[in-house]
Amino acid sequence: MRRVPENASLNDVTVVLDDRAILRGISLGLGPGLTLLRGPNGAGKTTLLRALAGLAPLARGRRSVSGGPPLYIGHRPMLLSGLTARENLAFLAAFRGLGAGDVAGALRAWGLAGEMDRPIERLSAGQRRRASLARIETEQMPLVLLDEPFADLDSDALVRLRAAINTALVRGQAVLMATHMHHELDQDATHRYVLDDGALREV
Amino acid sequence: MNALDRALLVAARELAAERRRPDGFVAALTFTALLVLMESLAFGPGQARQPGVASALYWIAILFAATLVATRSFDRELEDDAIDAVLVLDGGREALYAGKVIAIAIVLAIVALAAAVLSLVLLDLGVALAGHLVLVGVLGILALPPVIVLVTLLALRVRARVALVPILSFPILMPQLVACTQGAAAALTGDASAALGWAGILAAFALVYGVLGLTIVPAAIE
């Protein structure tokens, strides 16, 4: 059930929010490859991703991530309104010390050539989601955490997401994806987990 | 990239967003102008022109303006969970605090300048020591954001944040408000040593709360 941790791990982690144990004694090691995380609504999938991202306080246990802070893309796009898609992605890449790189190229690849210089709040939900997912290419971190990335995406964007994940896997990145649409990438997954009532099991 | 570079990067991001969507700036400017005007009318021209009263009215307006700018700034961060993208990064929490303090101080400086011109013209105030008044103004602007940003970050996920931030931060800011008011009044009346003394106190407050914020914030933000 447990793998040798390479890119990241959680060791006996418990997360308690509002006096309720959302995660109970979770241990998980993530090496290069795609790991799918399933589970019913409210099972704790988002909390598990946030624990790996360092955004959820650990009541017990230890979190370890190598190669710099992970790329975490949550339910919402996590981009600042008032800035354009290009400015948002350039800021986040620059903060990691990566430089602006080919932000424009990545946004073009996600079909946002004509939208990248518009304020993010003027884009549709699907376009904002595309812009946030373009970070997979602009930041290229060893650990990528994606929370329901298929939400708001059309069929073209689904193809693009699949391609971006495959490229990440070729680069040796570890991708952990919480999703209900596991069939979309099931054949590419190296590991599959189900989280239910705060407990994790590999399937 | 060092800590200062990261803070400046956050500040630049904040100012770019505020420039394109100046909600906080416009709200603070309108509110400050109206407050100065209304208070001047309420007190009457004779009383409102007294240096102590004019300074107090001005700095109370600036204190509320600072809260407005900070609240709007963090509303924007929470809109699409944009703040999480920064918090997850190495040094993100410190940079977010310091960058917000810098950006809010810059926005507040513009609001304060406009309000100062309005106060001086509206009340026909005489300024005995202009340089000292500017010094007190600059240090006052630097002394307010470290506390307001710290309290806003600590109350970030609280539903009643808009009400809670002034309730929690204003008592902490009372010494700074007194120093701003007394320092400005001393500069208006020509008491150089008193103005410099109050300015020194403001500098100390800015430094102490700036360091305190950088120390507390990394562990305190959820």
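A few ground rules come first: the model is predicted, so local features need pLDDT of at least 70 and side-chain atom pairs count only at pLDDT 80 or more, while totals for chains, interfaces and linings use all residues. Residues are numbered from 1 along each chain as its sequence is written, chains are lettered from A and ligands numbered from 1 in the order in which they are written, and side-chain values use heavy atoms, with hydrogens and water left out.

On confidence, the predictor gives the complex an ipTM of 0.90 and a pTM of 0.92. Chain B averages a pLDDT of 93, with 100% of the residues scoring at least 70; pLDDT is the predictor's confidence in each residue, from 0 to 100. For chain A the mean is 90, and 96% of the residues reach 70 or more. Residues 1-5 of chain A have a pLDDT below 50, and beyond near neighbours in sequence this stretch has 13 contacts in the model (contact means heavy atoms within 4.5 Å). Where pLDDT is low, the predicted coordinates should not be read in detail.

Chain B is a run of helices: 9 of them, and 0 strands. Both kinds of element are DSSP runs numbered from the N terminus, helices being H or I with at least four residues and strands being E with at least two. The radius of gyration of chain B is 17 Å, close to the 17 Å that the globule rule gives for 222 residues, so chain B is as compact as a globular protein of that length. That radius is taken over C-alpha atoms, and the rule is 2.2 Å times the number of residues to the power 0.38. Along its principal axes, the C-alpha trace of chain B spans about 55 × 30 × 30 Å.

Of the 222 residues in chain B, 51% are buried (buried means under 20% relative accessible area, exposed over 50%, partly exposed in between, with a 1.4 Å probe and protein chains only). Among contacts in chain B between residues at least 6 apart in sequence, 83% join residues at least 24 apart.

One residue to look up in chain B is B:Ala186, which sits in helix α8 (residues 161-189). B:Ala186 counts as buried because its relative accessibility is 7%. Leaving aside residues up to four places away in sequence, B:Ala186 touches B:Leu129, B:Asp191, B:Ala194 and B:Ala195. The C-alpha atoms of B:Ala186 and B:Asn2 are separated by 40 Å, and the two residues are 184 residues apart along the chain.

Two residues in chain A have backbone angles to check. Most residues other than glycine have a negative phi. A:Gln140, however, has a positive phi near 45°, and lies in the loop between α5 (135-139) and β6 (143-147). At 40% relative accessibility, A:Gln140 is partly exposed. A:Glu148 also has a positive phi, about 45°; this residue is in the loop between β6 and α6 (155-170), and at 13% relative accessibility A:Glu148 counts as buried.
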